[in-house]
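Subject: Structure for you to look over

Hi,

Here is the structure I promised to pass on. Please open it alongside this note.

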Amino acid sequence: MNHRPITILIMLLSTVFLSGCWDRAELQDLDIVSAIGIDKGSDEVENRYMVTVQVINEGQIASGKGGGGAKEIAPVTTYSATGSTVAESLRKIAPKIPQELFFPHIQLMVIGEDLAKQEGIQDLFDWIERDSQFRTLFPILVVKNNTAKNVLKIVTSLEPIPSAKIVGGLESTQKTWGEFVMTRADKVIQQMSGNAALLTGVQIIGDPDEGNSLKNVQKISPPTELEIKGLGIFKKGKLQKWLEGDEARGAILINNEVTKTIVDLNCNKKKKGLSIDMMRSKTKITAKIKNNKPIIYIAVRSEGHISEVHCPIDLGKHKVIEKLEKQMEKELKEEILLALEAAKKEKSDFFRFGETINREDPKLWKKIKNQWDEEIFPETEVNVHVQAFIRRSGLRTKPYIK
Amino acid sequence: MLGLNHQEMRDSSTMEKAKISAIQLFALMFLFEMGTAVIISYGIDAKKDSWLAIMLGMCVGIILFFIYYFLFRQYPNLPLTGYTRKIFGKYLGWIIGLLYIIFFLYITVHNIRSFGELLLSSTMPKTPLLALIILMLLAICYVLYLGIEVLGRTAEVFIVILILLGLTGNLFIFFSGNVDLHNLQPFLENGWKPILKTAFLETSSFPFGQMVVFTMLLPYLNRPESMKKVWLFALILSGLVLCWTASLNIAVLGTENVERSTFPLLSTIGKVDLFEFIQRLDVIVVFTLLITVFFKASIFFYCALIGIVDLFKLKNHQQIILPIGCILIFWSMSLASNFSEHIGESRYVDSYITVYFHIIIPLLMLVVTLIRNRFKKNDSSESNLT
């Protein structure tokens, strides 16, 4: 029992020495990064990349302050530096900032179009995977017709942090419109290990310099805005082409990523006078091998209801609905074919049909793997079969128009 | 015969007077089997069919069990180092026992180093490796100082925690919707060759063959007759869990990503993002690692200690824990200069050296015992005749 005081002393001492750890990070010593932008630097190797970080101005974001009156300080600040690797450029930002950069809360990463087109982005994401600080759950977007630096410096309305605004817009687009998807970093990296990839784009409407000021949000209709736009087709890491509208939605439909969207149909003689609110859609891709040649089958099954009508039509009749269903099937099939055509033209298999073939017949896939993108994929037969169901017509059957 | 019995008594008297129950043995075995194998990219050389390679490895483990079981039945009161001397004679047996002890110590060191490296690259990059290793070894030394009974009871508690962690982790992964079973198809993509190669060179010895270390603990069982059931149950259950985890990693990440990752389970759980609220669950994996490595290293270390006590005829194992613990700290620091060397070394050891300890020596012992038994029978029958 004589040991007891010593034991207690040792225990007390260990609480002093063992609490906390080497890797502690105090909140007041950190600058929280909300977004990263990567652009092409210059042609020299030393300045290959220009990296921009968007740091959150915590005091401005904290609740209670931004309630009334005009803000005087921007909610976020951007800093840029150049370097031959992304990691180096990020470290080179240190002299310009007050505290250490803190990355785990990144919400967004944007890539300038020049870099995507000229240099390619296939090798750009290794640092995200390698460093345990990063989560690969944020989206990666490509800036259309502009640089990432410009996108990150635009002040946005309603949502004070611009990256949160972009991500929020992206999420609601995916949920309700279905033309663009959240290209999450882990999915992008997975695509980059293959030859073809599909990344969502973001663009600036208006003058970027005008947007770089709080005046931008003092107007009811801001002169400069950010918009999610376009699906970039990448081949071997280089941006080839932008898909938009029906083509883009077709591509998303093939990838089975559409949750909700609006499909316009002709209403009697009025073109595009009736819209279907598509609530669910499921796409199945299968492959069959015939005469040593793969054939791809795409089966889509989608469901929806009528949300708007612009002509007198009796939706209480089953026959009418059936006709509309046929029309909807045709419409969706056309969109899918448009997307397929674009993919074949670019010789870029971003639908990963190759993997479907591999699942069906691994031996054949090993044989054709090397010629797949360039020679076989553009020639491959693809059968599209769409099944559409219009389940109900809302609270009315006939519209009030006569 | 009398002399032999007397010697057996003396040998067992040098051991700690402790008993472990069947449940404790099961908990120890299960935690032991999970050790690091559940975290690292295990069996991935077989690509999409790694689950099959793990199953085959488990089957080899079952066959090995019957060798160990036979030897245990022959000498139920002796640890492995005890019956090596009985079978191979005083001097050769002693040397083989020593080799086993060095092998156990090496695995201890290896596990502690793996633990340090993983913690360093996953959560605490700025912490020095030495600090992590010292803390881990201190904890291990302490529990071993208190004896195998305490370790067994600790295992009983921690196996519950581990199961809970595993269940929540699995649940979240499934609900996060990242599981794509297409990643596991096609079956036999590259034929049987890589599967068999992985099964016999990698998965059978690590971790199933490593269970040879439990032959040191068997004399402590309070009900030796339950050993067969417990061992097989623990082996099969842990095999299934490992198989499940490996498949889950591939289903979530895809083979390429698993191959690239040093710790795929960490990436798998990193993909969980439910309602933007349940996310960053890395701590589940880090805890799993901590618990399992703690038990694996403790078991290896303890068996090495009682082996030393047995071979050098010491009084108890408490007096050598700290000196050997200190040696282990330096050994684990000087084991490799970087992570790649560490992994490369373990691959080499797993494929070329472990086979002697897991298979060849036990098999030799089996053959020698069988031949001896036959001669004995002949002797006794002859003496009966005359």
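Below is what came out of it, going from domains to the sheet and then to the chain contact.

First, a caution: this is a predicted model.

Domains of chain A

Chain A is assigned two domains. Domain 1 covers 26-62 + 70-243, and domain 2 covers 245-402. Over C-alpha atoms, the centres of domain 1 of chain A and domain 2 of chain A are 32 Å apart. Where they touch, domain 1 of chain A puts in 18 residues and domain 2 of chain A puts in 16 residues. On the domain 1 side, four elements of chain A supply at least two residues each: helix 7 (162-176), strand 7 (196-205), strand 8 (225-235) and strand 9 (238-243). That side of domain 1 of chain A has nine nonpolar, five polar and four charged residues.

Chain A has an open sheet of four strands, in the order 10-11-12-13. Pairing is mixed. Strand 10 (261-267) and strand 13 (381-392) of chain A are the edges. Each has a single partner strand, so one side of each has no neighbour in the sheet. From one strand to the next, the twist averages 35°.

Strand 12 (residues 293-309) of chain A runs parallel to strand 13 of chain A, and 11 bridges join them. For a landmark, take Val300(A): opposite it in strand 13 of chain A stands Val386(A).

Helix 12 (residues 353-360) of chain A lies across strand 11 and strand 12 of chain A. Helix 12 of chain A runs at about 40° to strand 11 of chain A.

Contact between chains

Which chain A and chain B residue counts make up the contact? Chain B gives 18 residues and chain A gives 13 residues. On the chain B side, helix 5 (90-122) and helix 10 (255-260) of chain B are the elements that give two or more residues. The residues on that side of chain B divide into three nonpolar, nine polar and six charged.

Best wishes

Note on methods. Residues are numbered from 1 along each chain as its sequence is written. Chains are lettered from A and ligands numbered from 1 in the order in which they are written. This is a predicted model: local features need pLDDT of at least 70, side-chain atom pairs count only at pLDDT 80 or more; totals for chains, interfaces and linings use all residues. Domain bounds come from an automatic or database domain assignment. Two residues are in contact if their C-beta atoms, placed from the backbone, lie within 7 Å. Ala, Val, Leu, Ile, Met, Phe, Trp, Tyr, Cys and Pro count as nonpolar, Asp, Glu, Lys and Arg as charged, and the others, Gly among them, as polar. Two strands pair if DSSP finds at least two bridges between them. Axes are lines fitted to C-alpha atoms, for helices over the stretch in contact, and angles run from 0 to 180 degrees between N-to-C directions.
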